[in-house]
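User: I have a structure open and would like to walk through it. Can we take it bit by bit?

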Amino acid sequence: MKDSLVTIFGGGGFLGRQVAQALMARGARVRIAQRDLAVAVKVKSLGNLGQSQFVGADIRKPATVARAIAGSDIVINLVGILSGDFDAVQHEGAANVAQAAAAAGVKALVHVSAIGADANSPSAYGRSKAAGEAAVKAAFPTATILRPSIIFGAEDQFLNRFAQIIGSAPVIPVIGAATKFQPVYVADVAQAIANAAERPGVFGGKTYEVAGPQVLSMKEINAWIAKAIGRDKPLVDVPNGFATLLALLPGGPITRDQLAMLGQDNVAAAGSQGLEALGVAPTPLGAVADKWMVRYRRHGRFAGRASA
């Protein structure tokens with residue numbers, strides 16, 4: 001890995017910064033390919049002088065993708081969206097990256113998809129992820145594909161979002177209360193991606209369902225957060241009919257596609273290979289998340305776990 005040039009599409013984001021740090025710790029040089037380079041500046045301080053570089057790129061535009069990949073040894077695609085034109089980004093964009101990587105002769109491609117990628121998914125998100133995987137395999141057969149469950153970490157938009165709601169609302173409304181997840185720690189996913197990038201001869205051409213060690217329902221996740229931040233409040237299941245009405249509201253708390261996603265569990269398939277196969281021991285939620293959940297207590301890290 002030492003001195004290899006790794007281009008990371010989406011390398012300035014929540015997962016991308018962790019991946020960049022993991023790679024630079026192994027001696028790699030990283031090129032952050034990002035549509036908005038302003039979000040990528042934090043990467044510079046994560047490595048040594050000259051170890052990171054930045055290039056503007058939009059995976060929807062093949063010419064910018066090819067330019068970003070030029071001279072690279074390894075390519076990693078982390079780009080994904082939760083709303084908008086899923087097909088343009090997660091299907092056509094993924095195809096652009098894989099085709100450019102193949103044309104440039106890079107030695108490894110790691111593509112991050114998602115658990116729930118399925119051509120028959122009820123959500124456009126899931127269908128676009130499946131189409132993206134198929135396009136990647138067609139263009140770059142030795143690519144490694146990782147499908148994470150919900151990723152958590154100090155800067156996530158999952159635990160933190162719910163903690164904000166729980167801290168301010170008198171009751172905790174839970175949409176998709178019974179839907180199950182297998183939350184996976186961002187640092188574990190980053191190490192798995194780095195391992196796959198470093199050893200394409202071992203991990204190339206395979207698909208991994210990357211999930212944490214615990215299966216929790218949405219209601220159980222909210223209950224864990226409430227306990228972690230010292231907020232003893234009632235949890236209220238939001239009926240499907242009312243959730244559907246909320247999804248129809250402009251700027252509502254959930255979109256119709258996200259609601260469709262909540263209709264299926266987000267857990268690793270039985271018998272699938274996961275973090276352990278990629279050489280990473282999965283981290284339980286409670287082992288690390290409490291470190292940043294304290295900010296949502298009434299008096300921060302100096303507070304006891306008083307009831308609401």
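User: Is glycine 11 buried or exposed?
Analyst: Glycine 11 is buried, at a relative accessible area of 0%. Buried means under 20% relative accessible area, exposed means over 50%, and partly exposed is in between, with a 1.4 Å probe and protein chains only. This is a predicted model: local features need pLDDT of at least 70, side-chain atom pairs count only at pLDDT 80 or more, and totals for chains, interfaces and linings use all residues. Residues are numbered from 1 along each chain as its sequence is written, and side-chain values use heavy atoms, with hydrogens and water left out.

User: Where does glycine 11 lie?
Analyst: In the loop between E1 and helix H1 (14-25). Helices (H or I, at least four residues) and strands (E, at least two) are DSSP runs, numbered from the N terminus.

User: And which residues does glycine 11 touch?
Analyst: Leaving out residues up to four places away in sequence, glycine 11 touches Gly16, Arg17, Ile32, Ala33, Gln34 and Val43. Touching here is contact, meaning heavy atoms within 4.5 Å. Alanine 40 is 29 residues from glycine 11 in sequence, and their C-alpha atoms are 7.0 Å apart in space.

User: Arg17 was on that list. Where is arginine 17 found?
Analyst: In helix H1. Arginine 17 is buried, with a relative accessible area of 13%. Its contacts, not counting residues up to four places away in sequence, include Gly11, Lys42, Leu46 and Glu155. Lysine 44 is 27 residues away along the chain, with 9.6 Å between the two C-alpha atoms.

User: New topic: aspartate 3. What is its phi?
Analyst: Positive, at about 70 degrees, although aspartate 3 is not a glycine. Most residues other than glycine have a negative phi. Aspartate 3 sits in the segment before strand E1 (5-9). Aspartate 3 is partly exposed, with a relative accessible area of 47%.

User: On to helices. How do H2 and H3 cross?
Analyst: The axes of helix H2 (residues 62-69) and helix H3 (residues 86-104) come within 9 Å and cross at roughly 45 degrees. Axes are lines fitted to C-alpha atoms, for helices over the stretch in contact, and angles run from 0 to 180 degrees between N-to-C directions. H2 and H3 are therefore oblique to each other. Angles under 35 degrees count as roughly parallel, over 145 as roughly antiparallel, 65 to 115 as roughly perpendicular, and the rest as oblique.

User: Which residues meet there?
Analyst: Pro62, Val65, Ala66 and Ile69 in H2 meet Asn96, Val97, Ala100, Ala101 and Ala104 in H3. By class, that contact of H2 with H3 has 8 nonpolar, 1 polar and no charged residues. Ala, Val, Leu, Ile, Met, Phe, Trp, Tyr, Cys and Pro count as nonpolar, Asp, Glu, Lys and Arg as charged, and the others, Gly among them, as polar.

User: What about H3 and H4?
Analyst: The axes of H3 and helix H4 (residues 124-139) come within 8 Å and cross at roughly 10 degrees. That makes H3 roughly parallel to H4. Phe86, Asp87 and His91 are among the H3 residues in the contact, and Tyr125, Lys129 and Val136 are among those of H4. The residues of this contact divide into 11 nonpolar, 5 polar and 2 charged.

User: And H5 with H8?
Analyst: The axes of helix H5 (residues 159-168) and helix H8 (residues 218-228) come within 10 Å and cross at roughly 65 degrees. That makes H5 roughly perpendicular to H8. Leu159, Phe162, Ala163 and Ile166 of H5 make the contact with Met218, Ile221, Asn222, Ile225 and Ala226 of H8.

User: Last topic, aromatics. How many aromatic pairs are found in the whole structure?
Analyst: A search finds 6. Rings of Phe, Tyr and Trp (its six-membered ring) pair if their centres lie within 6.5 Å; planes under 30 degrees apart count as stacked, over 60 as edge-to-face and the rest as tilted.

User: Which residues form the aromatic cluster?
Analyst: Phe152, Tyr185 and Trp292 form one aromatic cluster.
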